[in-house]
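Please view the sequence and structure below before reading on.

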Number of protein chains: 2
Amino acid sequence: MKTTLKRLLLNCLLTSCFITAYGQDFYAPQRASWAEKAKQSIPRLTVTEKKPVALVNIVKDETAFQQYKAVQTAPIHKLYDSSFKETKSVIVDFGEHITGSFSFSTDLLRAESDAPARFKLTFGEVPSELVTPFDPYQGGLSRAWLQDEVVTVMTMPATMTIPRRVSFRYVKIELIATPPGYDFCISGMKCDAVTSAVNTPEELSATTPQLFKDIDRVSLNTLKECMQTVYEDGPKRDQRLWLGDLYLEALANNYSFKQYDLTKRCLYLLASLSEHNGKLNATVFEAPEPKPQAKQHLYDYSFLFGVTLKDYLLETGDRETAEDLWPVVKKQLESAYKYLQDDGMMNYEQASREWWIFFDWKDGLHREVAFHGVTIFAFREAYELAQLLNKENEVSQLPELIKKMKKAVRKHYYNPKTGLFTGILNDQVSYASQIWMVLSEVPTQKEAQRALRALKTTENVCTPGAPYLFHYYIEALIKSGLKEEAKKEMAEYWGGMIHKGADTFWEVYDPRNEYLSPYNFYPVNSYCHAWSCTPTYFIRKYPEIFQK
Amino acid sequence: MKTTLKRLLLNCLLTSCFITAYGQDFYAPQRASWAEKAKQSIPRLTVTEKKPVALVNIVKDETAFQQYKAVQTAPIHKLYDSSFKETKSVIVDFGEHITGSFSFSTDLLRAESDAPARFKLTFGEVPSELVTPFDPYQGGLSRAWLQDEVVTVMTMPATMTIPRRVSFRYVKIELIATPPGYDFCISGMKCDAVTSAVNTPEELSATTPQLFKDIDRVSLNTLKECMQTVYEDGPKRDQRLWLGDLYLEALANNYSFKQYDLTKRCLYLLASLSEHNGKLNATVFEAPEPKPQAKQHLYDYSFLFGVTLKDYLLETGDRETAEDLWPVVKKQLESAYKYLQDDGMMNYEQASREWWIFFDWKDGLHREVAFHGVTIFAFREAYELAQLLNKENEVSQLPELIKKMKKAVRKHYYNPKTGLFTGILNDQVSYASQIWMVLSEVPTQKEAQRALRALKTTENVCTPGAPYLFHYYIEALIKSGLKEEAKKEMAEYWGGMIHKGADTFWEVYDPRNEYLSPYNFYPVNSYCHAWSCTPTYFIRKYPEIFQK
């Protein structure tokens, strides 16, 4: 059967797109039940009492990450045994990244408390946060994300709990108001650490190189810290479910903790909080009650819902959930249909005015090529899910569409001379463009290898800004058969964070600029960020590459 | 019967002083029962929800108290109706002095909360506290008494409660960290005000001049705010029971709220927390559990226990309590016996090394004369209590002692030329000296009048520093028959605070120096202080002076 693209699209639009009148809720029949299923899958948080292990100084060291490192100075009992009125300021090391409820106790050493004391507590995921002045604050996000809190202690002995959940390895305690009449000590502290990750991932093969063991361990820590009542993006900041992070966390979870109910909950939560017009919101809050963050629609993220659902189905065989949520997957495809042109290309200019097209935190990245790539990728993934559910007839236009688009994209973006994909509107050579062409299977495997390798020898290449894109880079390398390169790149990138002392992997990491921040102030970066956790997925999915 | 002073003292010491071995608890048989009785008299706090009445600016005005006054700018709904992201800073007026638990709510005006916000709240009893920078702090007491708190609000809508109890009329709310992605308002606030004062004092006579009505009203407010689970000295600072304040609060309570159980509780609490050697501590804490503040022994305060108990007995007829606590009263007298010399004078130099002898917050005050005065006063009051309890035989030496001391003191301290009492060690003319001579009944009424009047015409007189001594001044004037002077002085002193806008009476008030502070920083002064509340006692006890 020969059909034109227009007929294909008409077919599709007739079956789903405009059958609801304006303003009506597209998912009206299902929404309440989705919300209920999201609620019923809320995982129990396990609480583990964590105690500090040592006192440290944060010292300047030009070879250390962001030029600061923590140097152990004394065992923790030194703090408890001495007058805090004399000590005045201390930095305590919990020895690992933790997320939870922090409390500390004070007790009297001499006489009775006759006046309140006041403390400033600063929690840091990395050493530089403890010594970098937060004010005057020039960051682009709320200053209140920074984890410094002031506590007034009216009488002693007392145990004070910081009301907000904190995420940290180090805590600085400063005495900022001194009671004159007596002396006291800090007599204890703890953090009731919370996570919903309870399962123990399998041991790696004994042949795994130490570096990959370390990368795996830190990946798992990162994921565990982000696994709360949803997959959070970062436990320090923003503490919420994002579609893009969900996909990568679910991937990593599939190969480690295997707690599929959390994936299910997040899919249902996002579905239940979608717009009435059927579009998914890229990020949602749980508190005070579940609701979406307004006006957050990310073009590329919206398709990851379907990919996550497909993986979930393959892992669990839970066909009921997959069928229940399939309408959401199908509905997102319309966001792409809208921009399709007769020639198989898409109207990127219009889309970029109407969407936040993300791919990476990277100033100056041109997204035209990746935009086409992710669309083809989304179509293919959606069609595969339809096949698993025997619903190919509902998206029967997709194979033809994919074919047509791949041909068009190849024609317009591929430069056979350089072997690289570049856009029409801008000839920037970027990792993002090559990666998403490879993942969309536009190039042959040989061309894919050539394009990815060419990135290393081309000048002025736009490199990845954040681990999120780096994940897709590793994926693209493996897909192209560049296994050794994948191993080498992971060793360099995530291994680079390991060498710099990472306890959890970071939101932003550019080896050439440790102060890079999308928010204009690096202490407000998240240093335990979900989208950084995927090495464990690669290491465990491809033991032949990483475990020997 | 003729006895020497030495024999008198020997008699006394044999009957009580050294019958317990060193280290034993003098009150061992009674202590637990006293503690239990203190506990059983803990009053219920009534909670009243208070709402703010207006928005104000604090403006400079050289005629206002401490040069600042609050000027109403808008009704409170203006705050609730507008974006606080734009307003950023506001001062709210609750219209009255309140003590309790403060909370405020925030709600979204636009979009959803995507980041935490942070607020600084500053609570003030008087306008200057809202505009005087607290830092760098140079005060002599803990900086943490100052009522500024930082609150992080992680999600909205939210209601945040300040953990510490606060005491204030005005609250400044400043937005110190702004969430960039949305807009919000302060949607409400309240204070759950607490007090144990529930009774309604009698109306004053209709003939009472307005100024004394005002003084009475503010006295009652002051007392009510200090009536918590004990008679506190000040609800902002120090929030605890002091013996000296107890006496004056109990006096005022006897003529107003008549809640005698609170007086009983405080007497039992102090008795139960006395030293093993029998000495009372001048101040005790209730939290985390009842205990004395160490090393706080005030010579003059310690005798006020007996005076308060005597008044309590006269008011209530509760002979059981008075008999139960009589041993404490008798025991305190030993603190005076120790310094008595054969000639009827006392060794002030030794006593002043061994005690905190208070009388007033006043630098440079010489306390030798007042020290003798309060001792004679204590002996007389104790003897009167003994008579009420038919226990004169236990302190049968007192009448003779008083007589002998009065004669000696008159001889050494009275200057017939000037009509004033001055010390041997220092010839300072002070209010304190004259007052305590009058209260000890050393001078005749005519001499007393002369001495008190002479204070007004003598140069370099040491004037009262705080309302505490001013109370005894009014008492001395009335005792001397100087009723008009008492009225005039109260009108000038407490009326002065009224004219300066006092909602409650202050800890420290010197009309010539509004910035006077015993703690080197006037914002840490208490502006609702128990020892300032006694005008209501005078006004109600002496209607013929103040109510016409």
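In which sense, left-handed or right-handed, does α7(B) pass α8(B)? In this predicted model, the crossing of α7(B) past α8(B) is left-handed.

**Helix packing in chain B**
- The axes of helix α7 (residues 243-254) of chain B and helix α8 (residues 260-272) of chain B come within 10 Å and cross at roughly 160°.
- Because angles over 145 degrees count as roughly antiparallel, α7(B) and α8(B) are roughly antiparallel to each other.
- On the α7(B) side, B:L243, B:L246, B:A250, B:N253 and B:N254 make the contact, and α8(B) contributes B:Y260, B:T263, B:C266, B:L267 and B:L270.
- The residues of this contact comprise seven nonpolar, three polar and no charged.

**Burial of α15 in chain A**
- In helix α15 (residues 445-454) of chain A, the buried residues are A:E447, A:A448, A:Q449, A:A451, A:L452 and A:A454.
- Their cover includes α13 (398-413), β13 (414-415), β14 (420-421), α14 (431-439) and α16 (467-479) of chain A.

**Aromatic pairs**
- Over all chains, the structure holds 102 aromatic pairs.
- The ring centres of A:W361 and A:Y519 are 5.7 Å apart and their planes lie at 85°, so this pair is edge-to-face.
- A:W361 and A:Y519 are 158 residues apart, and their pair links distant parts of the chain.
- A:W361 counts as partly exposed at 28% relative accessibility, whereas A:Y519 counts as buried at 8%.
- B:Y301 and B:F358 also form an edge-to-face pair, because their planes stand at 75° with ring centres 5.7 Å apart.
- Both B:Y301 and B:F358 are buried.

Conventions
Residues are numbered from 1 along each chain as its sequence is written. Chains are lettered from A and ligands numbered from 1 in the order in which they are written. This is a predicted model: local features need pLDDT of at least 70, side-chain atom pairs count only at pLDDT 80 or more; totals for chains, interfaces and linings use all residues. Side-chain values use heavy atoms; hydrogens and water are left out. Axes are lines fitted to C-alpha atoms, for helices over the stretch in contact, and angles run from 0 to 180 degrees between N-to-C directions. Helices (H or I, at least four residues) and strands (E, at least two) are DSSP runs, numbered from the N terminus. Angles under 35 degrees count as roughly parallel, over 145 as roughly antiparallel, 65 to 115 as roughly perpendicular and the rest as oblique. A crossing is left-handed if the near helix is turned anticlockwise from the far one by less than a right angle, and right-handed if clockwise. Contact means heavy atoms within 4.5 Å. Ala, Val, Leu, Ile, Met, Phe, Trp, Tyr, Cys and Pro count as nonpolar, Asp, Glu, Lys and Arg as charged, and the others, Gly among them, as polar. Buried means under 20% relative accessible area, exposed over 50%, partly exposed in between (1.4 Å probe, protein chains only). Rings of Phe, Tyr and Trp (its six-membered ring) pair if their centres lie within 6.5 Å; planes under 30 degrees apart count as stacked, over 60 as edge-to-face and the rest as tilted.
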